[in-house]
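Please consider the structure shown below.

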Amino acid sequence: MSLLSITHDGPITTLTIDRAETMNPLGAPGDGDEFRSVCDAINRDMETRCVILTGAGRAFSAGGDIKAMQSKTGTFGGSPPAISDGYRDNIHLMLRALHGLRVPVIAAVNGPAIGLGCDVACLADIRIASEKAKFGVTFLKLGIIPGDGGTWILPRVIGQSRAAELFYTGDVIDAATAQDWGLVSRVVSPGALMEEARALAIKVAAMPPHALRHAKMLLRQGQQVSYDSALEMAANTQALMHMTDDHAEGVAALIEKRTPEFKGE
């Protein structure tokens, strides 16, 4: 069963997790390959400048398939080595693909984002939430740990103490708390969510595409490297950006007091 519904609108691509009848579970066999294929295509397409990621129906994603866990089938079936391979070759593949997207990703969290679903949302660059959204990493309540790398992802979003609180208690927080904790940048009414996401995506997509992709790369790398290394990467990247037509256009537009038209050149 296909996982993603894809729509293209100019420079904006919307990916919808589309298993609404079961609250958009993730991790079925093939999900990793599908995510990788879709994300690879986006990375090769210089016309795409921003991605919106959302869920169909009333949930963003309820996380891993609980029924498959109970029946020990699919990714969650077989011996311990087989389950490990299932995570590496499927769930991790999905997460690596999303994390490896070179264009900015806006998660429009329309409803519950639980467990794996929460960690997928947290891999987006920007998160906005419906008032109906809820967030939780409830792995310990199921007697398992965050097998999706969530212990690496969540502390980078909300800090070590609050991430530990969520992991160790299994509590689910509402959208207002998520905003207060910095998990999302804004909360809007359910009916306005996609309109807000699209308005934000339009602003992002108006930026010069090469500089936009490099800015995302530097923002990510900046979380891992020393300040000296970040400065060196910035200097080398900036030298390339100064040679682009988009840089010349941006400077000319500012001087001429007009809106720039960036072409990715």
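**Strand S2 and its surroundings**

Strand S2 and strand S4 (residues 50-55) pair in the parallel sense over six bridges; two strands count as paired if DSSP finds at least two bridges between them. Strands (E, at least two residues) and helices (H or I, at least four) are DSSP runs numbered from the N terminus. Within this pairing, Ile17 has Gly55 of S4 as its bridge partner.

This is a predicted model, in which local features need pLDDT of at least 70, side-chain atom pairs count only at pLDDT 80 or more, and totals for chains, interfaces and linings use all residues. Residues are numbered from 1 along each chain as its sequence is written, and side-chain values use heavy atoms, with hydrogens and water left out.

S2 is also joined to strand S1 (residues 4-9), by six bridges in the antiparallel sense. Here Asp9 stands opposite Ile12 in S2. Two residues lie between the strands of this hairpin, and Gly10 takes a positive phi near 60 degrees.

Six of the six residues of S2 (residues 12-17) are buried, so the strand is largely enclosed by the rest of the structure. Buried means under 20% relative accessible area, exposed over 50%, and partly exposed in between (1.4 Å probe, protein chains only). Ile12, Thr14 and Thr16 cover one side, while Thr13, Leu15 and Ile17 lie on the other.

These strands belong to an open sheet of six strands with mixed pairing, in the order S1-S2-S4-S6-S8-S11. S1 and strand S11 (186-188) stand at the edges with a single partner strand each, so one side of each is left without a neighbour in the sheet.
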